[in-house]
Amino acid sequence: MLGRFGGKTPFSEGGNSTLKRQFPWFLLVLIGGVLLGCAENALVLKGQLQQLQQQQLALSRQAEELQNRANALDRDNQEKDVLLAQAQQRAQAAEAQVAALKEQLASLSRQLAQARQDQQAAESRVQALSASLQRRGSVPIEPNSSFAQRLPGKNLPGVNVRLDGELIRIELPGGTLFPQMDGRLSPEGARLLAAVAHEIVRDFPDHRIGIQGHLGKISLPVGTPWRSLHHLAYAEAMAVFDFLVTQTPLRAEQLEVSGHGSNFPLVSNATPQGQQRNHRIELVIYPDKASNAN
(Lines give C-alpha, C1' and ligand atoms only; values in the text may rest on other atoms or scores of the structure.)
Protein backbone atom coordinates (compact mmCIF):
# COMPACT_ATOMS: atom_id res chain seq x y z
CA MET A 1 0.00 0.00 0.00
CA LEU A 2 1.50 3.26 -1.13
CA GLY A 3 1.51 6.25 1.11
CA ARG A 4 1.28 9.89 0.52
CA PHE A 5 4.91 10.22 -0.12
CA GLY A 6 5.11 8.39 -3.32
CA GLY A 7 5.03 5.02 -1.92
CA LYS A 8 7.42 5.85 0.90
CA THR A 9 6.35 6.33 4.41
CA PRO A 10 8.21 8.51 6.90
CA PHE A 11 9.43 5.32 8.43
CA SER A 12 10.59 3.91 5.18
CA GLU A 13 14.19 3.32 4.82
CA GLY A 14 14.91 6.79 3.51
CA GLY A 15 12.86 8.74 5.96
CA ASN A 16 13.59 6.44 8.89
CA SER A 17 17.22 7.32 8.89
CA THR A 18 16.49 10.98 9.37
CA LEU A 19 14.08 10.20 12.22
CA LYS A 20 16.58 7.93 13.75
CA ARG A 21 19.09 10.71 13.75
CA GLN A 22 16.59 13.18 15.37
CA PHE A 23 14.94 10.84 17.94
CA PRO A 24 17.53 10.88 20.74
CA TRP A 25 17.44 14.64 21.01
CA PHE A 26 13.71 14.65 21.01
CA LEU A 27 13.66 12.02 23.66
CA LEU A 28 16.19 13.85 25.74
CA VAL A 29 14.19 17.05 25.53
CA LEU A 30 11.06 15.17 26.49
CA ILE A 31 12.76 13.43 29.36
CA GLY A 32 14.38 16.67 30.48
CA GLY A 33 11.03 18.41 30.49
CA VAL A 34 9.58 15.61 32.51
CA LEU A 35 12.48 15.63 34.90
CA LEU A 36 12.32 19.40 35.20
CA GLY A 37 8.62 19.21 36.01
CA CYS A 38 9.29 16.51 38.52
CA ALA A 39 12.05 18.57 40.13
CA GLU A 40 9.79 21.59 40.39
CA ASN A 41 7.08 19.42 41.88
CA ALA A 42 9.64 17.95 44.25
CA LEU A 43 10.72 21.40 45.34
CA VAL A 44 7.08 22.39 45.84
CA LEU A 45 6.43 19.23 47.78
CA LYS A 46 9.57 19.76 49.85
CA GLY A 47 8.48 23.30 50.66
CA GLN A 48 5.04 22.08 51.60
CA LEU A 49 6.60 19.32 53.69
CA GLN A 50 8.79 21.84 55.51
CA GLN A 51 5.74 24.03 56.15
CA LEU A 52 3.87 21.02 57.47
CA GLN A 53 6.80 20.13 59.71
CA GLN A 54 6.98 23.70 61.02
CA GLN A 55 3.23 23.70 61.60
CA GLN A 56 3.51 20.35 63.35
CA LEU A 57 6.35 21.68 65.53
CA ALA A 58 4.31 24.79 66.37
CA LEU A 59 1.33 22.61 67.18
CA SER A 60 3.54 20.42 69.37
CA ARG A 61 4.78 23.46 71.25
CA GLN A 62 1.23 24.74 71.65
CA ALA A 63 0.17 21.33 72.88
CA GLU A 64 3.07 21.30 75.35
CA GLU A 65 2.17 24.78 76.60
CA LEU A 66 -1.46 23.74 76.95
CA GLN A 67 -0.39 20.62 78.83
CA ASN A 68 1.81 22.73 81.14
CA ARG A 69 -1.09 25.08 81.75
CA ALA A 70 -3.35 22.13 82.44
CA ASN A 71 -0.79 20.72 84.90
CA ALA A 72 -0.50 24.12 86.59
CA LEU A 73 -4.28 24.35 86.84
CA ASP A 74 -4.35 20.85 88.34
CA ARG A 75 -1.78 21.89 90.95
CA ASP A 76 -3.74 25.05 91.70
CA ASN A 77 -6.90 23.01 92.04
CA GLN A 78 -5.15 20.57 94.35
CA GLU A 79 -3.83 23.43 96.50
CA LYS A 80 -7.25 24.99 96.57
CA ASP A 81 -8.74 21.63 97.57
CA VAL A 82 -6.22 21.41 100.44
CA LEU A 83 -6.97 24.98 101.53
CA LEU A 84 -10.68 24.28 101.31
CA ALA A 85 -10.28 21.14 103.44
CA GLN A 86 -8.23 23.09 106.00
CA ALA A 87 -10.83 25.87 106.05
CA GLN A 88 -13.56 23.30 106.60
CA GLN A 89 -11.57 21.73 109.45
CA ARG A 90 -11.06 25.16 111.05
CA ALA A 91 -14.75 25.90 110.65
CA GLN A 92 -15.62 22.60 112.33
CA ALA A 93 -13.14 23.33 115.14
CA ALA A 94 -14.63 26.82 115.55
CA GLU A 95 -18.13 25.34 115.71
CA ALA A 96 -16.94 22.89 118.36
CA GLN A 97 -15.39 25.73 120.37
CA VAL A 98 -18.58 27.76 120.09
CA ALA A 99 -20.58 24.78 121.28
CA ALA A 100 -18.16 24.29 124.21
CA LEU A 101 -18.37 27.99 125.11
CA LYS A 102 -22.14 27.84 125.01
CA GLU A 103 -22.05 24.85 127.34
CA GLN A 104 -19.64 26.67 129.67
CA LEU A 105 -21.87 29.74 129.62
CA ALA A 106 -24.88 27.61 130.45
CA SER A 107 -22.91 25.96 133.27
CA LEU A 108 -21.80 29.36 134.60
CA SER A 109 -25.37 30.58 134.45
CA ARG A 110 -26.48 27.58 136.48
CA GLN A 111 -23.64 28.15 138.97
CA LEU A 112 -24.56 31.83 139.25
CA ALA A 113 -28.17 30.95 139.91
CA GLN A 114 -27.06 28.43 142.54
CA ALA A 115 -24.71 30.99 144.09
CA ARG A 116 -27.56 33.48 144.33
CA GLN A 117 -29.70 30.87 146.01
CA ASP A 118 -26.84 30.03 148.40
CA GLN A 119 -26.35 33.72 149.14
CA GLN A 120 -30.02 34.15 149.93
CA ALA A 121 -29.91 31.08 152.15
CA ALA A 122 -26.76 32.39 153.87
CA GLU A 123 -28.41 35.76 154.46
CA SER A 124 -31.39 33.99 155.94
CA ARG A 125 -29.09 31.97 158.23
CA VAL A 126 -27.26 35.15 159.29
CA GLN A 127 -30.54 36.85 160.12
CA ALA A 128 -31.65 33.80 162.08
CA LEU A 129 -28.29 33.69 163.89
CA SER A 130 -28.51 37.37 164.76
CA ALA A 131 -32.00 36.89 166.16
CA SER A 132 -30.79 33.87 168.13
CA LEU A 133 -27.87 35.82 169.57
CA GLN A 134 -30.17 38.60 170.63
CA ARG A 135 -32.44 36.08 172.34
CA ARG A 136 -29.43 34.54 174.11
CA GLY A 137 -28.39 37.92 175.50
CA SER A 138 -25.39 38.69 173.24
CA VAL A 139 -23.63 41.84 174.35
CA PRO A 140 -23.82 44.40 171.53
CA ILE A 141 -20.71 46.42 170.76
CA GLU A 142 -21.57 50.03 170.03
CA PRO A 143 -19.23 52.70 168.62
CA ASN A 144 -19.16 54.36 172.05
CA SER A 145 -18.27 51.12 173.82
CA SER A 146 -17.05 51.84 177.34
CA PHE A 147 -14.41 49.15 176.89
CA ALA A 148 -13.00 50.80 173.78
CA GLN A 149 -12.94 54.14 175.57
CA ARG A 150 -11.49 52.88 178.82
CA LEU A 151 -8.64 50.63 177.68
CA PRO A 152 -6.40 53.21 175.94
CA GLY A 153 -6.58 55.39 179.09
CA LYS A 154 -4.71 52.81 181.14
CA ASN A 155 -0.95 52.64 181.30
CA LEU A 156 -0.59 50.26 178.35
CA PRO A 157 2.11 51.65 176.04
CA GLY A 158 1.78 50.80 172.37
CA VAL A 159 -1.71 49.31 172.69
CA ASN A 160 -4.23 50.56 170.15
CA VAL A 161 -7.95 49.78 170.23
CA ARG A 162 -10.18 50.35 167.21
CA LEU A 163 -13.68 49.38 166.14
CA ASP A 164 -14.05 47.32 162.95
CA GLY A 165 -17.78 47.13 162.29
CA GLU A 166 -19.13 44.90 165.06
CA LEU A 167 -15.62 43.83 166.07
CA ILE A 168 -13.18 45.31 168.54
CA ARG A 169 -9.53 45.00 167.50
CA ILE A 170 -6.88 45.38 170.18
CA GLU A 171 -3.45 45.84 168.61
CA LEU A 172 -0.46 44.79 170.72
CA PRO A 173 3.03 45.78 169.53
CA GLY A 174 4.98 42.77 168.32
CA GLY A 175 8.28 44.39 169.20
CA THR A 176 7.24 44.47 172.86
CA LEU A 177 5.80 40.95 172.93
CA PHE A 178 8.49 39.28 170.78
CA PRO A 179 11.59 41.49 170.60
CA GLN A 180 13.87 38.58 169.60
CA MET A 181 11.63 37.36 166.75
CA ASP A 182 12.02 33.83 168.11
CA GLY A 183 8.37 33.11 168.97
CA ARG A 184 8.99 33.40 172.74
CA LEU A 185 6.96 35.91 174.76
CA SER A 186 9.13 38.43 176.61
CA PRO A 187 8.54 39.27 180.31
CA GLU A 188 7.48 42.79 179.42
CA GLY A 189 5.16 41.39 176.76
CA ALA A 190 3.68 38.97 179.30
CA ARG A 191 2.90 41.84 181.69
CA LEU A 192 1.27 43.85 178.90
CA LEU A 193 -0.75 40.85 177.76
CA ALA A 194 -1.93 40.12 181.32
CA ALA A 195 -3.14 43.72 181.72
CA VAL A 196 -5.11 43.59 178.47
CA ALA A 197 -6.57 40.18 179.34
CA HIS A 198 -7.76 41.56 182.70
CA GLU A 199 -9.81 44.23 180.86
CA ILE A 200 -11.21 41.68 178.38
CA VAL A 201 -12.25 39.24 181.10
CA ARG A 202 -14.02 42.03 183.01
CA ASP A 203 -16.17 43.19 180.05
CA PHE A 204 -16.33 40.20 177.68
CA PRO A 205 -15.59 37.08 179.71
CA ASP A 206 -17.51 34.64 177.47
CA HIS A 207 -17.13 36.15 173.99
CA ARG A 208 -15.21 34.58 171.14
CA ILE A 209 -11.75 36.09 170.78
CA GLY A 210 -9.45 35.77 167.82
CA ILE A 211 -5.67 35.85 168.22
CA GLN A 212 -4.13 37.02 164.94
CA GLY A 213 -0.39 37.17 164.30
CA HIS A 214 0.92 39.82 161.86
CA LEU A 215 4.43 40.70 160.66
CA GLY A 216 6.08 43.37 158.58
CA LYS A 217 7.56 42.31 155.26
CA ILE A 218 10.94 41.23 156.56
CA SER A 219 13.54 38.54 155.95
CA LEU A 220 13.52 35.64 158.38
CA PRO A 221 16.47 35.58 160.79
CA VAL A 222 19.41 33.33 159.82
CA GLY A 223 19.10 29.84 161.27
CA THR A 224 15.43 30.33 162.14
CA PRO A 225 13.24 27.22 162.37
CA TRP A 226 10.36 29.04 160.69
CA ARG A 227 9.58 28.05 157.13
CA SER A 228 7.83 31.32 156.27
CA LEU A 229 6.51 34.57 157.74
CA HIS A 230 3.13 32.86 158.11
CA HIS A 231 4.76 30.16 160.21
CA LEU A 232 6.45 32.73 162.47
CA ALA A 233 3.27 34.83 162.80
CA TYR A 234 1.31 31.70 163.76
CA ALA A 235 3.98 30.72 166.30
CA GLU A 236 3.71 34.13 167.98
CA ALA A 237 -0.10 33.87 168.02
CA MET A 238 0.20 30.41 169.61
CA ALA A 239 2.54 31.78 172.28
CA VAL A 240 -0.13 34.38 173.15
CA PHE A 241 -2.76 31.62 173.16
CA ASP A 242 -0.73 29.51 175.58
CA PHE A 243 -0.22 32.48 177.91
CA LEU A 244 -3.91 33.46 177.92
CA VAL A 245 -5.06 29.89 178.59
CA THR A 246 -2.54 29.21 181.35
CA GLN A 247 -2.20 32.64 182.99
CA THR A 248 -5.66 34.24 182.63
CA PRO A 249 -9.32 33.20 183.11
CA LEU A 250 -9.84 33.07 179.32
CA ARG A 251 -10.64 29.55 178.10
CA ALA A 252 -9.22 27.67 175.10
CA GLU A 253 -12.68 27.04 173.62
CA GLN A 254 -13.34 30.75 173.24
CA LEU A 255 -10.01 31.51 171.53
CA GLU A 256 -9.16 31.19 167.81
CA VAL A 257 -5.58 31.35 166.49
CA SER A 258 -4.37 32.42 163.03
CA GLY A 259 -1.14 33.65 161.45
CA HIS A 260 -1.32 36.07 158.51
CA GLY A 261 2.35 36.77 157.88
CA SER A 262 2.75 40.12 156.12
CA ASN A 263 -0.55 39.95 154.20
CA PHE A 264 -2.35 42.73 156.12
CA PRO A 265 -0.03 45.65 156.79
CA LEU A 266 -1.36 48.71 158.60
CA VAL A 267 1.26 51.00 157.01
CA SER A 268 3.85 50.72 154.26
CA ASN A 269 6.68 48.24 154.77
CA ALA A 270 9.11 50.50 152.89
CA THR A 271 10.80 51.66 156.10
CA PRO A 272 12.00 49.87 159.25
CA GLN A 273 9.50 51.95 161.25
CA GLY A 274 6.66 50.70 159.03
CA GLN A 275 7.84 47.11 159.37
CA GLN A 276 7.94 47.50 163.15
CA ARG A 277 4.45 49.01 163.18
CA ASN A 278 3.07 46.11 161.15
CA HIS A 279 4.59 43.56 163.56
CA ARG A 280 1.70 43.05 165.95
CA ILE A 281 -0.75 40.71 167.65
CA GLU A 282 -4.41 41.58 167.22
CA LEU A 283 -6.94 40.36 169.77
CA VAL A 284 -10.30 40.44 167.97
CA ILE A 285 -13.42 40.44 170.16
CA TYR A 286 -16.48 39.10 168.34
CA PRO A 287 -20.02 40.10 169.27
CA ASP A 288 -21.18 36.52 169.91
CA LYS A 289 -20.31 34.32 172.84
CA ALA A 290 -18.47 31.01 172.70
CA SER A 291 -20.70 28.03 171.98
CA ASN A 292 -20.38 26.54 175.51
CA ALA A 293 -20.76 29.85 177.36
CA ASN A 294 -23.48 30.03 179.96
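Within strand β2 (residues 167-173), Ile170 is the bridge partner of Val161, strands being DSSP runs of E of at least two residues and helices runs of H or I of at least four, both numbered from the N terminus. The model is a predicted one, in which local features need pLDDT of at least 70 and side-chain atom pairs count only at pLDDT 80 or more, while totals for chains, interfaces and linings use all residues. Residues are numbered from 1 along each chain as its sequence is written, and side-chain values use heavy atoms, with hydrogens and water left out.

Strand β1 (residues 160-164) runs antiparallel to β2 and is joined to it by five bridges, where pairing requires that DSSP find at least two bridges between two strands. A further bridge partner in β2 is Leu167, which faces Asp164 in this pairing. The two strands form a hairpin with two residues between them, and Gly165 in the turn has a positive phi of about 65 degrees. On pairing with strand β5 (residues 280-289), β2 is again antiparallel, over six bridges, and Glu171 has Glu282 as its bridge partner in β5.

Seven of the seven residues of β2 are buried, that is, under 20% relative accessible area with a 1.4 Å probe and protein chains only (exposed is over 50%, partly exposed in between). Leu167, Arg169, Glu171 and Pro173 point one way from the strand, whereas Ile168, Ile170 and Leu172 point the other way.

The second largest pocket holds about 150 Å³ of space. A pocket is an open set of points on a 1 Å grid over the protein atoms alone, where a 1.4 Å probe fits and protein lies on both sides within 12 Å along at least five of seven lines; lining residues have an atom within 4 Å of a point. Its volume is the space filled by probe spheres set on the points, which are joined across faces, edges and corners. Elements giving two or more residues to this lining are β2, α3 (174-177) and α6 (272-278), and the lining residues include Glu171, Leu172, Pro173, Gln276 and Arg277.
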